[in-house]
Amino acid sequence: MAGDPKQEEPDGTSTQSPCNAPPSSASSLSKEQSQVDLELRLLEGLDMYPPAKLQGVHRHFALFGLMEYLKRSFGRGFSSEEVLQLVDRFYNLEYVKPDDDEMECFTQLDEFRLPQTYFDEEA
């Protein structure tokens, strides 16, 4: 068909065919792949540092642990803002409840007493 606007390639596929991705999509494909890898590593990290830990008393330690895990996985540093933005894709941290076990240790009051042996040694 001489009047057909589609150009035919020697192998019989059209230049507009989905088989032939535009040259710019190669870089976007690798960018998408790296984004998927980043999200997978984050989810693996969240297995060790669950989102409830990001709301609890030890949230800074959990955030630092995630930052270090991603740093080891990708060989580059991640800021706390970057990690929190990634976590925000999967969890709304405003609605995640802190770990109740952490709070119990701070609400439980025990009276502190030195052992009697301490006083016996002074005399």
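The model is predicted, so I take local features only at pLDDT of at least 70 and side-chain atom pairs only at pLDDT 80 or more, while totals for chains, interfaces and linings use all residues. Residues are numbered from 1 along each chain as its sequence is written, and side-chain values use heavy atoms, with hydrogens and water left out.

I then listed aromatic pairs, taking rings of Phe, Tyr and Trp (its six-membered ring) with centres within 6.5 Å; planes under 30 degrees apart are stacked, over 60 edge-to-face, and the rest tilted. The count is two. F74 and F78 make an edge-to-face pair, at 6.0 Å centre to centre and 65 degrees between the planes. The pair of Y118 and F119 is edge-to-face because the ring centres are 5.7 Å apart and the planes stand at 80 degrees.

Next I checked burial (buried is under 20% relative accessible area, exposed over 50%, partly exposed in between; 1.4 Å probe, protein chains only). F78 is buried at 7%, whereas F74 is partly exposed at 33%. Y118 is partly exposed at 40%, and F119 is partly exposed at 42%. Over the protein, 19% of the 123 residues are buried.

For the fold I noted five helices and zero strands. Helices (H or I, at least four residues) and strands (E, at least two) are DSSP runs numbered from the N terminus.

Which residues have the most contacts inside the largest nonpolar core? I found L42, L46, L54, L66, L70, V83 and V87, in a core of 15 residues. α1 (25-48), α2 (59-74) and α3 each give two or more residues to this core, and α2 gives the most, with five. Such a core is a set of buried Ala, Val, Leu, Ile, Met, Phe, Trp, Tyr and Cys residues joined through side-chain atoms within 4.5 Å.

V36, L40, L43, F90 and Y91 make a nonpolar patch of about 400 Å². For patches, residues need over 30% relative accessible area and no salt bridge, with nonpolar side chains (Val, Leu, Ile, Met, Phe, Trp, Tyr) joined within 5 Å and like charges within 9 Å. A salt bridge is a side-chain nitrogen of Lys or Arg within 4 Å of a carboxyl oxygen of Asp or Glu. Areas are by Shrake-Rupley with a 1.4 Å probe; for residues, only the protein chains shown count as cover. I placed F90 in the loop between α3 (80-88) and α4 (100-107), and F90 is partly exposed at 36% relative accessibility.
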